[in-house]
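Subject: Handover of the structure, with notes

Dear colleague,

I am passing on the structure below, together with some notes on what was found in it. Please read them with the structure open beside you.

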Amino acid sequence: MADLSMTTETDTQTETAPLPARRARLAAIRDSDLWHSFRTHPSAVFAACLLALVALTALFAPWITPQDPYDLAALELWNSEIPPIWNEAGQWPYILGTDTQGRDILSAILYGSRISLIIGFASVIAALSVGLSLGLIAGYFGGWIDNVIMRLGDVLLSMPFILIAILITAVATASLPTGLKDILAAPILILAIAVPSWVQYARTVRASAMVERKKEYVQAARLIRVKPWRIMLHHILPNCLTPILVAATLNFGLAILSEATLSFLGVGMPPDQPSLGTLIRIGNQYLFSGLWWIVVFPAVQLCLIVLSVNMIGDWLRDALNPKLR
């Protein structure tokens, strides 16, 4: 009985132990300088709330929109070219009106925001992964490995970003069967944006790694024969994350703009799976025919997303800069 009682007490302590630990972590976050800086920065709070609202409405778009704009069978042509609801000819539930195919503008914006956010986030993660890996390798080992990686980056930087992206999308689209072009449109866009974007991360990490590898704690790790990949991941990388985090946040907005630009040029998402750039391209054809809402509202949504991301990036850059504390 005594053993059973001790076992029960031990199990209870094991189950309740994580709760104080979580509370301690939350308390540490609340007391951190970064959280205090965020709470006392009105523009950062506004931008974070705006971005969260956009992300949540895009996530729950199937439940809060009157139609699925990707379902062509659900579109009704007799409901086409309806103006916004505050206009005399407006109709419920088309709050922001409809386009020439009867597609609800609000539904198309929320579904398009989901695609733009996913492509922007995925391209940043892909570029960040490649840039971190190559930058750590180049900065830690140096020599011919560093020269090869950096010269490859120089070649990519010598060409315009949009030209590389268009070239990748054109080659990928031309080499795919007709049935796969629309299915793989999003992965192709992610690849096209990520390929020319990794160089910035690699250069930043390489510069930090070249400084950190000469410090005593890295030399001590080498003396006790710690494997290079462990030194790079556990010793050098944590000291390189501050500038990388700021760059990734700012590049998130640039990635969304790049996707919109490619889609606007006709090499991005197809019309039956419209992103914000595709919606702007379609609506631009009717801008001077009186159907202004088809292009204006998607453009406003794109501006709000990029503006909120840039405001968060500006705050993060100031908050993580020790010279401004």
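How much space lies in the largest pocket? The answer is about 270 Å³, where a volume is the space filled by probe spheres set on grid points that are joined across faces, edges and corners. This is a predicted model, in which local features need pLDDT of at least 70 and side-chain atom pairs count only at pLDDT 80 or more, while totals for chains, interfaces and linings use all residues. Residues are numbered from 1 along each chain as its sequence is written, and side-chain values use heavy atoms, with hydrogens and water left out.

On a 1 Å grid over the protein atoms alone, a pocket is an open set of points with protein on both sides within 12 Å along at least five of seven lines, a cavity is a set where a 1.4 Å probe fits but cannot get out, and lining residues have an atom within 4 Å of a point. The lining of the largest pocket includes L51, F121, F252 and L316, and α6, α14 and α16 (293–319) each supply at least two of its residues; helices here are DSSP runs (H or I, at least four residues), numbered from the N terminus. By class, this lining has 11 nonpolar, 1 polar and no charged residues, with Ala, Val, Leu, Ile, Met, Phe, Trp, Tyr, Cys and Pro counted as nonpolar, Asp, Glu, Lys and Arg as charged, and the others, Gly among them, as polar.

There is also 1 cavity of 30 Å³ or more, and the largest cavity holds about 40 Å³ of space. D99, R103, I105, A108, L279, I282 and I294 line the largest cavity, and they divide into 5 nonpolar, no polar and 2 charged.

Turning to helix packing, α11 (residues 198–212) and α14 (residues 241–264) pack at an angle of about 165 degrees, with their axes 10 Å apart; axes are lines fitted to C-alpha atoms over the stretch in contact, and angles run from 0 to 180 degrees between N-to-C directions. In their contact (heavy atoms within 4.5 Å), Q200, Y201, T204 and V205 in α11 meet P243, I244, A247, A248 and N251 in α14.

By comparison, α6 and α10 (residues 185–194) pack at about 45 degrees, with their axes 8 Å apart, which makes α6 oblique to α10.

With best wishes

How values were computed:
Angles under 35 degrees count as roughly parallel, over 145 as roughly antiparallel, 65 to 115 as roughly perpendicular and the rest as oblique.
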